[in-house]
Amino acid sequence: MASATATYGQKESSDQNFDYMFKILIIGNSSVGKTSFLFRYADDSFTPAFVSTVGIDFKVKTIYRNDKRIKLQIWDTAGQERYRTITTAYYRGAMGFILMYDITNEESFNAVQDWSTQIKTYSWDNAQVLLVGNKCDMEDERVVAGERGRQLSEHLGFQFFEASAKDNINVKQTFERLVDIIWAKQGPQLTEQPAPPHQDCAC
């Protein structure tokens with residue numbers, strides 16, 4: 001397993017394939033669809049079988065913004081409590097978070113506040129967060145109204161999407177919006193300030 005790095009969008013002179021790297025974490029309760037969401041975005045694939053993530057894993061995708069190549073290092077975290085001390089160690093250096101719940105699972109929605117607290121506790125102050133209600137294709141099984149998600153996101157100061165990894169609804173839009181927010185908040189610093197030193201996650 002590769003170690004997490006606090007890149008803060010740093011330039012890598014040794015790798016000419018990208019200009020900046022953004023570290024993004026997908027967090028939330030187990031079974032809300034984090035892995036499926038990542039695979040839909042990175043590989044445009046979907047597997048209906050549920051396999052619980054063990055610890056943490058990541059995929060890489062390169063996109064373009066403002067004539068710059070941005071490599072997204074997207075981390076898929078395990079939602080189970082027993083992995084919490086492992087996954088929170090990776091919060092350091094993350095520039096963005098996708099905080100996910102399942103619209104068919106009230107418990108996952110109720111846990112959003114706790115996940116938000118963890119972000120504030122373990123990540124750096126300027127990390128950007130999007131709240132995502134996943135599985136919006138399962139309307140017949142919905143227990144969390146979209147308006148509740150929107151109100152919670154406003155309360156927490158996050159932007160909000162409902163999405164479906166299965167039907168590929170708002171998956172790309174979620175990631176692109178998060179990248180745009182990071183760039184808007186950090187763009188001047190990324191181009192004007194020297195990059196911080198490379199750090200390995202002390203896990």
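How many of the residues of strand β1 (residues 20-28) are buried? Of its 9 residues, 9 are buried, where buried means under 20% relative accessible area, exposed over 50%, and partly exposed in between, with a 1.4 Å probe and protein chains only. The model is predicted, so local features need pLDDT of at least 70 and side-chain atom pairs count only at pLDDT 80 or more, whereas totals for chains, interfaces and linings use all residues. Residues are numbered from 1 along each chain as its sequence is written, and side-chain values use heavy atoms, with hydrogens and water left out.

Strands (E, at least two residues) and helices (H or I, at least four) are DSSP runs, numbered from the N terminus. In a regular strand the side chains alternate between the two faces of the sheet. In β1, Y20, F22, I24, I26 and G28 are buried on one side, and M21, K23, L25 and I27 are buried on the other.

Two strands pair if DSSP finds at least two bridges between them. β1 pairs in the parallel sense with strand β3 (residues 68-77) over 7 bridges, and M21 has K71 of β3 as its bridge partner. β1 also pairs in the parallel sense with strand β4 (residues 96-102), over 5 bridges.

β5 in turn pairs in the parallel sense with strand β6 (residues 159-162) over 4 bridges.
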